[in-house]
Amino acid sequence: MARFLFRSAISAIVTMLIVSITLFFFLEVGSGDVTVKILGIESTPEQRASYRAQLGLNAPAWQRYVDWLAGNDWRAKNQVGHPLVSVTNQMTGEQEWWADVDGTLTRWTMEDGRILTLQRQPDGTASARIISVDWNTDENGEEFFWGVDTKNNAVKWVRGSGETVWVRTKAGFRKEGNGPREYIPLRKGLIRFDAGKSLQTGRPVAVTLIPRVRNTLVLAGIAFLIVMPLALILGIIAGINEGKVIDRTISIVGLTLTATPEFVTGIFLILIFGIWLQVVPAVALFTSPNAIFEDPSLLILPVLTLTAVELGYIARMTRASMVEVMDTAYIRTAIIKGMPRRRVVLRHALRNALMAPITIIMLHVNWLIGGVVVVEAIFGYPGLGSYIYKAAVFGDPNAVEAAAMLLVIIAVITRLLGDLAYTFLNPRIRYA
Amino acid sequence: MAEAAMDWTVNKNLSDAGPVLKIEEVAVAYKVRHGEIVAVQNVSFEIKRGESYGIVGESGCGKSTVAWAIVNFLGANGYVKAGSIKFLGQDLVGKTGEELRKLRGDQIAMVYQDPMQALNPSMKLGDQMKEVLTVHRGMSDADAAKRCIEMLDRVYMPDAANVMKRYPHQISGGQQQRVVIAMALLNNPALLIMDEPTTALDVTVEAAVLDLIAELRRDFDTAIMYITHNLGVVARVCNRVGVMYAGEMVERGTVEQIFKKPQHPYTQGLMRCVPKLGADKASSMLYPIIGRVPPPRNRPIGCIFNPRCDYTQDRCIEERPQLRDMPNGVSVRCHFAGEIDPAQWTPPEELKLPSISGGDGDNGEAEPILTVNGLKKYYPVQGSSLKDLLGRGPKRYVKAVEDATFSVKKGKTLGIVGESGCGKSTLIKTLIGLEESTAGEAQFLGFDITGDLSTRNKQLIQELQMVFQNPDSTMNPSYSVGQQIGRPMIRFGTVPKNQVRDEVIKLLQAMRLGENYYDRLPRQLSGGEKQRVGIARALASSPNVVLCDEPVSALDVSVQAAILNLLLDVQAESGTTMIFIAHDLSVVRFFSDDVAVMYLGQIMEIGPADAIYAPPYHPYTEALLSAVPIPDPTIQQKHIRLEGNVPSAISPPSGCRFHTRCPRRHLLPNNGKICEEELPPWREIGDGHRIFCHIPLETLRTFDPIITQKEED
Amino acid sequence: MTVAQPTATVSSKPSRLKKAWEGISIVFESRVATVGLIIVLFWFALGIISLFWTPYPPNANLFEQNLPPNTTNWLGTDHLGRDITSRLMTGTQVVLLKTRLPGDLGIVIPGGVALWGVFGALVVGAFLGLNAAYRGGWWDQSIMQVLDALVAFPAIVLYLVIITAFEQGDVVVIFAITITGAPGVARLVRSLALDIKTRDYIRAAETRGEKVSYIMFKEIFPNARGPILVDAMLRVGYAIFMIGTLGFLGIGLPPPDPDWGSMVNEARKFIFLNPWGVIPPAVAIASLVVGLNLFADGLREELTRYQK
């Protein structure tokens, strides 16, 4: 069993690696010139080029992938020559990168081709000083300096000639002098829980994601709590009454529910409950990320839609498994032993019949997640699904990657749970 | 235990009067989409207390259907159409489900073929047993557990208390069957139905279970209905027997009478099909029954056996015979019973029998075509600990074949026998190249064949072909018979493309299948026909050596005889060399010139067939032979039973691999300490007969023969 | 798809025709399968008719906007005043009947996006599944690992990413259906092949020294056809399901040809003005998918009965 779980864990890790690479590849191919999307079509090629450099997009794709996964401070450290640390700015609550120069947290900035050294004070502010820095000379005879700038990049300045760069601010796009020549936007990498910043908003992905994950978990969790017992019971009832009217009814209704796309189900529910019966609002406005806690009735239609789609699927799985088990020789033995039907079903058949659906459900959690994405999109529900949908359409790699990795982690973990449940139900593996 | 003791007496008193089970003119039908199928009809018999009643017949004869009818478990579409099933005087037909449920598992218990399938894989054995008592007798859990352990002890289950806590997959097949039998006996049922309870078991395990059944019948005084296809098993455990054919009972009587003087032509035919232990192809013949069992829809109007009978007359075609009582107490369903004398029987014209060119004379002179020396086949296995997973643990192997040394002479047959897991299949898979050997030498016509198929050239591949065991999987369901036989010819280019069809048809005819089989698909063929096609396919590339992996073990006895005859014919005509694997010792003895006996990957004894089956023999061979059920109640068989289970091939016992179970090691000093410590020597007897044993030849020679004729009363 | 078979094989042998008919006739043994087949054929027929005739041009704004069903427009009109009946009929084409190749030439090939997508998934999945099952060992482990990863991907996310990665188009949707469907097909083929591989006729082929590719494609694959066919039918249903969802999300098949999913999406925006607008395309998608599911279900039941 140790072996079984060990394999599952290894497989889960490899799975996540493959998924992240695939995603990265498609986003790489697909997002086209992301700067156009951010800056708008009216931006000039010059502006875009400058902005690309600031985003670190000039680095080769594999490099950016490694940066995204494992961070790049360890790479930038070699250039800067000092350890790089990330600290929280007490005023903004955001992470800031500093170089640790002999115990003093330091950043640099350039003014008129000269380097200004900024030292962090205990209160979090920085004091500027002109301290001479050691310029290095490259093979072309140019003098350069690697340091950390005030926008959390490791940058390369060239002495005497600050580059002209375009800087994006809240007010708009501004031309600045004294810019560096190369950028490495510093990040810790996903494996150190840094998902990077959203290209769309410029804010860290994690900040937006957390309330959305919570909302999705609430939606999926409620649906799951309704679906599981109901579907298993219906499936078992259908399974032990194979071929009878009740079985036919459950099977056909289940099939119809499963085969109807979520958006069709959702629309019909809106039509019926929202427009004709008017028991719930036909259009739900999620005014804030916390709207569902203020008005739980907003949850009714999304939960119902999700329930309808998943109910049929799981019920049919359970039914098929039950039918198969009821046909086995050991159930025949139990009947021939004169066990009452109740006992045959509950003691002999149930446990074996649940094995298949539980693993299959767990394997198909991502399929169910697919349903969540669509349901959230239909109802404008502020969850992970609608987030990923918007990010994908925009082509925001950090956001899509982070959200998708979360979904995959959920899928992988539930699969592991499924394996565990299976081991628990199946003594053949438990005692192997 | 007072309660349990009381139970015994209660059941006993119930039925001193009449028979426990009395079945009269029962017919069972299944409703299908278009009408119904009558599977069983006109079946009548009765079983008395303490009696063991055998029901024999080939597959599809409705044996099991009768059993299911008794417990009314015929599925949603089956029902008892006519007749009555009286159990202790009350008719079971028409009883409600609840009334029947109370009888089942309490007064009527059942044991079936495959114990692994019959036990719930996710329930502890103890729980599965106890519920029989708690549900039917309302016993407390503790009392039930106590009684279960006693019963397990009673069926000689080692470590009974511990077994209660285990799951089915954790014990061996033989032990599972003991659990099922113990479970059936818990309530001391009046009737015990056993449906092929030992068919899935190895011969030595089967022997032990049969002993147990015989013993339990005496002690518990239960009526047993024993269903089997194996005449040998019937001869061993039953006192009365009914022979079934195509849904009818054609003959019934005491075992002695039926075996001594079978009167129905079908029963006579069955007896002629089975090779007797010790019979060989030079001195005896097998006579298959022509044709096949008609499916329930196409049963003839008159006597159901008339299309296959050698004595058919007009009356047989027109009128269905009744079961008639004969003077010797046997009842026979034949118009001419009593007039037919089996001794006067001659094989009918259309039965083509193999022409064996007298086996003697050329022994030893033929050259060896295949020589194997010290061949080994190990499979690496991965342990389950974390250490093994990281590749740090010690490398472990399943030692499937260890040091195999033998040679096969041109045009001769080497038989290999042994129980499941003894490595016989691995050995021939290695020879044919499906597996690569681990060490040792193997040469075929001077070419090295230790590598797998990828190392062999086309000619070599063409010269070694194989016939497989399972008729249902030997042919690809997607291709016609002609395509499948023609494929090797095209592949090896042995026949020009435009002549392939003619050649295939020639082969089909040689297999006694007509030209019209060319376009048939496998699902339109019977098991025997599929097996013939399989043989034709192996022969299509005209190989020098054919390896046969249990080619007849999945077939009914009458078909089995026909296939064996066919193989003999092929060998006689084209001088093909064969290696023949089987677990049935009588078949191997009949078919082979030389025999090798394997145990746990090791050849224990090898030599000419007749020498293997007579003393001196290896203790394992001796145990095997004494376990074979022999279809002759008049003979006395030596009683040697092996204890314990076959050890794991991953860590086989040191020294002699058989020492953990050897019933003869006490003949050596120190109770055979040497067997545990050293590999035994090969003891040469001459004529190629060798025994791998520490016991000196002189001692081995003193063993009695296995079979002796019983003294006539 | 099965209905197309007999016409394709008429030329070879009369026995083939009979065989094919035998195969089809088992459909009618099952009431469920028959109902499913009728629903599917209904949509096929409607699509074929729409190639030649629709009540009005599907893309012309001829009528008043957002009309409920009436005698002129049987199913009403949409937000641009187009006839829903005509658009509904034409909507069948992209799913089942035609695929528009990219480029300005406007080349159209027969066979709908759903069918080609599933075909792609079958080819890729069967190839991977057969190799994994038959070759085993390292092949099996690496193929299954990659497929496991793809399966762990929520399909909708994969669709979103693929479709946003390339420009909207029929071929991209086909590609997406192929990529998301292939792991499932591969798993199925693998499990079937693992079973078939143990049969003696495979040993017989091996002892003839047949090539690995011959054994995989000629000996194993033909015997897995039944379950694969049933699975393919379900997959076509699921592909239609997915195409509808993508259309609904606004990233599906490109305009101008009507697409059921985007019809639902557009009508939804005017659901207060004309609640009738969402019903026809929604029912179309649901009924076609349900029909395919019923058909596949009935067929599977009959096939298992047939094999017994």
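**View 1. A salt bridge joins Arg248(A) to Glu301(C)**. The closest N and O atoms of Arg248(A) and Glu301(C) are 4.0 Å apart; a salt bridge here is a side-chain nitrogen of Lys or Arg within 4 Å of a carboxyl oxygen of Asp or Glu. Across the interface of chain A and chain C, the rule finds two salt bridges. There are also five residue pairs in polar contact between chain A and chain C, both residues at pLDDT 80 or more. A polar contact is a pair of N or O atoms within 3.5 Å; within protein, one must be able to donate a hydrogen and the other to accept it, and residues adjacent in sequence count only if both atoms are side-chain atoms.

A word on the model before the next view: it is predicted, so local features need pLDDT of at least 70 and side-chain atom pairs count only at pLDDT 80 or more, while totals for chains, interfaces and linings use all residues. Residues are numbered from 1 along each chain as its sequence is written, chains are lettered from A and ligands numbered from 1 in the order in which they are written, and side-chain values use heavy atoms, leaving out hydrogens and water.

**View 2. Chain A meets chain C through 52 residues of chain A and 46 residues of chain C**. Contact means heavy atoms within 4.5 Å. About 4,100 Å² is buried between chain A and chain C, and carbon and sulfur atoms give 77% of that area. Buried area is the accessible area (1.4 Å probe) that two parts lose on being put together, summed over both. Look for Phe26(A), Phe263(A) and Ile267(A): they supply 15% of the area that chain A buries against chain C, more than any other three residues.

**View 3. Phe24(A), Tyr65(A) and Trp68(A) gather in one aromatic cluster**. Rings of Phe, Tyr and Trp (its six-membered ring) pair if their centres lie within 6.5 Å; planes under 30 degrees apart count as stacked, over 60 as edge-to-face and the rest as tilted. Over all chains, this rule gives 25 aromatic pairs. Phe24(A) and Tyr65(A) are edge-to-face, because their ring centres are 5.4 Å apart and their planes stand at 75°. This pair links distant parts of the chain, with Phe24(A) in helix H1 (residues 2-30) and Tyr65(A) in helix H4 (residues 61-70), 41 residues apart. Helices are DSSP runs (H or I, at least four residues), as are strands (E, at least two), all numbered from the N terminus. Phe24(A) is buried at a relative accessible area of 14%, and Tyr65(A) is buried at 13%. Buried means under 20% relative accessible area, exposed over 50%, and partly exposed in between (1.4 Å probe, protein chains only).

**View 4. Arg64(A) sits in helix H4 of chain A**. Arg64(A) counts as buried, with 17% relative accessibility. Leaving aside neighbours within four places in sequence, Arg64(A) is in contact with Phe24(A), Glu28(A), Gly56(A), Leu57(A) and Ala59(A).

**View 5. Arg487(B) and Glu210(C) form a salt bridge between chain B and chain C**. Their closest N and O atoms are 2.7 Å apart. In this interface, 23 residues of chain B are in contact with 20 residues of chain C. Together, chain B and chain C bury about 1,900 Å², 49% of it on carbon and sulfur atoms. Twelve residue pairs are in polar contact here, both residues at pLDDT 80 or more.
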